[in-house]
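User: I'd like to go through this structure with you, one question at a time. Could you walk me through it?

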Amino acid sequence: MIELLGMARGALTLNAQTFNTLKQSPNVFRQGLALVLVVGLIVGGVLGVVALVGEILTPPAQQIAQAREGFRQTFGYFSSAMPPEISRQITESFEMGLRIGERVTRETRSPLPEPIGVIFRQSGAIVSYPFGWLGGFIFFGALVHIFAKLLGGRGTIAQMLGVTSLTVVPHLLDAFGFIACLGGLLSFIAWVWGVVIYIKGVAVAQEISVGKAILAVLLPFIVAFIFALLLLVSVGVLIAVASGGK
Amino acid sequence: MLREYFGLGLGALFLKEEVFEKMRQDSGRVTKGLILILFVGVIVALVALIGNVLEWATTPDLNNLQNIILNELKQMSWYRQNANNPEFLRGFEQGYTQWWQFFGGTFKVDVLGAVTNVIVNPLALALRWLLYGVVASIVARMLGGKGTLSQTLGCTALAVAPEILNVVTVVPYAQVGGVAIWGSICAYLGIKVANELSPWRAFWATLLPAIAVVFVAILVGCCVSVAIGAVLSGGAR
């Protein structure tokens, strides 16, 4: 645990020794994985407990009333710019959804009492939180690893994923996501901080310059954008040819 | 014995190349690989069964839910405006039934499926390993690999290791992401070590079998579609 805390502090301050020590470790991937799981469980745990307490303390009828009030406030801004018929249909559909919610809580029963269901659902969300991160992290890491290799990178995939896992540390701030306004701002700060750590991690893991590391991180997006553009152009050409043939 | 399998699985999970190397040198690699796959498959399915039962126990009665949604849809203005049109009513009932069959299934907790999965899951994992391992071995040899089929099979069996993460589904409503891509990375290491390939050749030897499987699936799909189309048009004449 002390080792993890030291790693976290070094990551936040972009300490070169922390990055290099982690890269040289024979258990680089295991340590990185542990960091992702611990940070993910802390963030997921805080958010999950807040949601759990909110759900248990607020009766279903009050939750529905809050959702109705929230919809009225948010939709009120947009509805004036909409044709009245569309605005009426959206409101009617939303009200139907709320009525379904009310009736489900009133008229349906599950074998176990509802509070246990709430606890189960939030426990599932807490446990799933770090694994949700892991999926995206490993997929993106594998792509960046390929591009870093093309740019002359010399790290292994285990070193790449292990060192770049330090990017999750600032995301501890995501635990404050439940605070209105401030939560969003803190998450944005965490994201920017995380990107900086990720680039540094790629540079260290692959032994390439920061410029090349930035390029390696950006290339998956650039390639995806080019593919999407090519796909759009191809579809456009096909439609043009098809309509021209008529 | 159990400790050995535990070490193999954990080492592969943490992408330790020495574990793949150890498997490559092992004389009983294919048997060990198969046992590891079956073991992981059964454990994961058993644990998921517990999670499924707990989910089922906290899921509301779906028949009741289906009726509530239907009743509420019938209160909508567009429904009431067309309530006297028999054609609309017939189409609505049909459309709603079809929609529920598709969408209602997302609410359903399939406990029976989870029970059969205790047998199906390990078998499916083993079949996937055999198919992928054989194709990967052929591709690796074409790219200059030096490993035998049994070495490739032994090492790629370790790609099952990330599946063990699915044990968290013992917690109801828990989901795990990244298992497939993690498994692919393990397969890459397995092919690289088993065949003593360079990283790039190992990359292509890992990717090409997957592309080949997708290509064959598309080809089979097209052939089946053409065949069905031909049969239907023949029957219509």
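User: Let's begin with E4(B): is it buried, partly exposed or exposed?
Analyst: E4(B) has a relative accessible area of 29%. Buried means under 20% and exposed over 50%, with partly exposed in between (1.4 Å probe, protein chains only). By that scale, E4(B) is partly exposed.

User: Good to know; what kind of model is this?
Analyst: Residues are numbered from 1 along each chain as its sequence is written, while chains are lettered from A and ligands numbered from 1 in the order in which they are written. Side-chain values use heavy atoms, without hydrogens or water, local features need pLDDT of at least 70, side-chain atom pairs count only at pLDDT 80 or more, and totals for chains, interfaces and linings use all residues, in what is a predicted model.

User: Which residue does E4(B) meet in a salt bridge?
Analyst: A salt bridge here is a side-chain nitrogen of Lys or Arg within 4 Å of a carboxyl oxygen of Asp or Glu. E4(B) has such a partner at 2.5 Å, N to O, and that partner is K32(B).

User: Why does the pair of K32(B) and E4(B) tie together parts of chain B?
Analyst: The two side chains meet in the salt bridge at 2.5 Å. K32(B) belongs to helix α3 (residues 29-57) and E4(B) to helix α1 (residues 2-13), so their pairing links parts of chain B that are 28 residues apart in sequence. Helices (H or I, at least four residues) are DSSP runs numbered from the N terminus.

User: With which other residue does K32(B) form a salt bridge?
Analyst: K32(B) is buried, at 16% relative accessibility. The closest N and O atoms are 2.6 Å apart, and the partner is D26(B).

User: Which residues are joined into one network by salt bridges that share partners?
Analyst: The structure holds 18 salt bridges over all chains. Between chain A and chain B the count is two, and one salt bridge pairs R99(A) with E72(B) at 2.6 Å, N to O. Both of these residues belong to the network, whose members are R99(A), R103(A), R106(A), E107(A) and E72(B).

User: Now E72(B): which residues is it in contact with, leaving aside neighbours within four places in sequence?
Analyst: E72(B) lies in helix α4 (residues 62-73) of chain B and is buried, at 5% relative accessibility. Contact means heavy atoms within 4.5 Å. On that basis E72(B) touches M96(A), R99(A), I100(A) and R103(A).

User: In chain A, which residues lose the most area to chain B?
Analyst: The contact takes 39 residues from chain A and 38 residues from chain B. Buried area is the accessible area (1.4 Å probe) that two parts lose on being put together, summed over both; here it is about 3400 Å², with carbon and sulfur atoms giving 74%. Three residues together make up 17% of what the chain A side buries: R103(A), F120(A) and F131(A).

User: Where does R103(A) sit, and what does it touch beyond four places in sequence?
Analyst: R103(A) is found in helix α5 of chain A. Its relative accessibility is 17%, so it counts as buried. Its contacts are T108(A), I68(B), N71(B) and E72(B).

User: Last one: how many disulfides does a search of the whole structure find?
Analyst: A disulfide here is a pair of cysteine sulfur atoms within 2.5 Å. C181(A) is exposed, at 73% relative accessible area. C186(B) is in no disulfide, its nearest cysteine sulfur being that of C155(B), 12 Å away. Over all chains, the number of disulfides is zero.

Key: Helices (H or I, at least four residues) and strands (E, at least two) are DSSP runs, numbered from the N terminus.
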